[in-house]
Amino acid sequence: MALLDIQDLHASVDDTAILKGISLTVNAGEVHAIMGPNGSGKSTLAQVLAGHPAYEVTGGSVTLDGADLLDMEAEERAWAGVFLAFQYPVEIPGVTNAYFLRQAYNEIRKARGLDELDPMDFLDLLEEKLKVVEWGPEIMERAVNFGFSGGEKKRNEILQMAVLEPKLAILDETDSGLDIDALRIVADGVNQLKRPDSATILVTHYQRLLDYIVPDYVHVLAGGKIVKSGGKELALELEKRGYEWLTGVAESAALA
Amino acid sequence: MSGTTTTLPFVELFGRAEAAGGPSWLSARRRAAFDRFAEVGVPTSKVEDWRFTPVHALATTPFSAPAAAGVPSAATLAPYWTGPDSWSRLVLVDGAFAPALSTLRDGVAVRSLRAAIEAGDPLVERHLGRTATAEATPFAALSLATFTDGVVLHLPAGTQAESPVEVLHVTTTGADNALVSTRVLLVAGDNAEGALVESFVALGSAPYLTIPVTEVVLGANARVEHVRIQREAAPAWHIGFTHADQQATSHYRSFCLSVGAKLSRHDLHAKLNASGIETLLYGLSLADGEQLADTHSAIFHDQPHCNSWEVYKGIFGGRARGVFNGKVFVQPIAQKTDAKQTNRNLLLSDTAQVDTKPQLEIFADDVKCTHGATVGRLNEQQRYYLRSRGIGGQLAQQILTWAFAAEVIAEVTIPETRAALEQLVRTRLDEMTS
């Protein structure tokens, strides 16, 4: 059984159709890249999978391990193992990273019928996870994403992913706005977190990220549909030729 | 301005205060203040500054001086201190200084207001009722006319207090309709530094009215942090007034928490009398049920090159009502003023209500003055972010409500007091959101 099975997915926001029939199968252990020009529906797909309330699913089905994902609230999807690394991580002044992560971790444990971790044990766990993003403990006492640089916010998303150990990680434009050092740290983190029983979907405009996280499959999204699928070599072709040959609109996949 | 004519109880209370005697300057000030109060009276809702805060019932309530209810035990008061017992602790019981419950430490000269007046303390004559004047509000006038006692704190020029001073205003009365009228005068000399933490609490559950006034005088380059915690009994009326009077390059940092009382009103004035002054005003009001919490602030930028920064937040549930009015006056001479005011309110119910009004009157042209006010529900983006991490429902609501409050509590720089405030607010929010 596929880990994630998307069939003929249609979705709209404010009555405007954005996704117009997406089908995609992701198996455990795989990395899929979803590329496409601006406005193609990439981020919408990521948000629909995570359960953003502003998007309305108007057709199709999505299952995770055979369970109906579309029937679940956003928090229930997190309990089931979905994790979205946000393109624009949200600032929550007044809540420390440590508190936020412990609550998230324990809510997911609770939903799975496991014991909650007390603050001391959780700190031990955190110490290990911080290594994934090459951070010291001081970051844990800062408010969630508050006053973080763009790069720090993306690293914080990967830290959360490390703690929550999702089955399905969706990274939405995680490479945007990163300098080369931050990109390396983020990509290293994602690579370390790969497991045989989990899968990763990378949503990205640019090929650059795929030099660091090598996908098994690349899909090109345009006009709310997957217009081409292939192996990692497709990304390189996009970098050379842009998106025009697939979409009819000139747009580069290489970083300017 | 037309207020309700003053009534007999207030006349009696004034007579009682006057009969206690004192120097002639005091009698004159009391008399002038009472004349002022008699002229303006208890405001009706027709008076603009009191439009949303109905206090006219006070005009017909038979207030009297608090009956002597006996001195509470130190243990009863223990939960209300925010800091350790190594700090100076001053207790005012039903408006009277209680030496047996108070402890004084070195570094700050402290005495009861009554003792200071009797001893002819020149600071009192110079400042009492001169910064928080009878003209400021009707209740500031009533306070000066009727106050019975209080405390005077002096931070001598060039000194740094080792620890904050805590003042506990305790109302113990079991009888209905006591009027408690106390005053605090803090004088920080040039280059002096110190902190004052005031708490307003009650041991009884009868209705009463407190009209406390605090005057803070900051000399040149003085630095004062002032925390004010209003946690009166549920049926109480609390109408307080704080006035900070600042000289050149002084720094005044204030934090006010309002959680108690049926109706609370705090007027907070800062007067910036010279250049290079910094004034930071932070506050948080929590109210639910039928509570009303009102903050009226006024910042007087009378001289150039001063900064004021104000952040007030409110969280309102049930059928509670929040009121915020923020006045900023920038005089023509006060060029290069940098003033920023923010008022943010969170509504936890459909029936809670907030009236917020920034009021900037700017007569100088080379200034930076901004204001912003919001009234709303929890931030939906933040709520979705939490849900995407598995935190949903009630827990997300509690975390985000707490976060909203915590952001402004974090502005208190005294660690012990900040921790106590966090505890107090958490407890209150748990009651409000469960």
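Q: How are the model and its numbering to be read?
A: This is a predicted model: local features need pLDDT of at least 70, side-chain atom pairs count only at pLDDT 80 or more, and totals for chains, interfaces and linings use all residues. Residues are numbered from 1 along each chain as its sequence is written, while chains are lettered from A and ligands numbered from 1 in the order in which they are written.

Q: In what order do the six strands of the open sheet in chain A lie?
A: Strands of a sheet pair through backbone hydrogen bonds, either parallel or antiparallel. Two strands pair if DSSP finds at least two bridges between them. Helices (H or I, at least four residues) and strands (E, at least two) are DSSP runs, numbered from the N terminus. Here the order is S6-S9-S10-S3-S11-S12 of chain A, with mixed pairing. Strands S6 (82-85) and S12 (225-230) of chain A are the edges, each pairing on one side only.

Q: How many bridges join S11(A) to S12(A)?
A: Five, and the two strands run antiparallel. A:Leu221 has A:Ile226 in S12(A) as its bridge partner.

Q: Which strands does helix H1 of chain A touch?
A: Two residues are in contact if their C-beta atoms, placed from the backbone, lie within 7 Å. H1 (residues 42-50) packs on the sheet and touches S3, S6, S9, S10 and S11 of chain A. H5(A) lies across S6 and S9 of chain A.

Q: At what angle do helices H3 and H5 of chain A cross?
A: Axes are lines fitted to C-alpha atoms, for helices over the stretch in contact; angles run from 0 to 180 degrees between N-to-C directions. H3 (residues 97-111) and H5 (residues 150-164) of chain A cross at roughly 35 degrees, their axes coming within 10 Å. Among the residues that meet are A:Leu101 of H3(A) and A:Val163 of H5(A).

Q: Which residues have the most contacts inside the largest nonpolar core?
A: A nonpolar core is a set of buried Ala, Val, Leu, Ile, Met, Phe, Trp, Tyr and Cys residues joined through C-beta atoms within 7 Å. Buried means that 20 or more other C-beta atoms lie within 10 Å of a residue's own, placed from the backbone. This core has 199 residues; A:Phe83, A:Ile170, B:Val151, B:Leu186 and B:Ala405 have the most contacts inside it. H8(B) gives the most to this core, with 10 residues.

Q: How many residues does each chain give to the contact between A and B?
A: Chain B gives 17 residues and chain A gives 21. On the side of chain B, H8(B) gives the most, with seven residues.

Key: A residue is buried if 20 or more other C-beta atoms lie within 10 Å of its own, exposed if 12 or fewer, and partly exposed in between; C-beta atoms are placed from the backbone.
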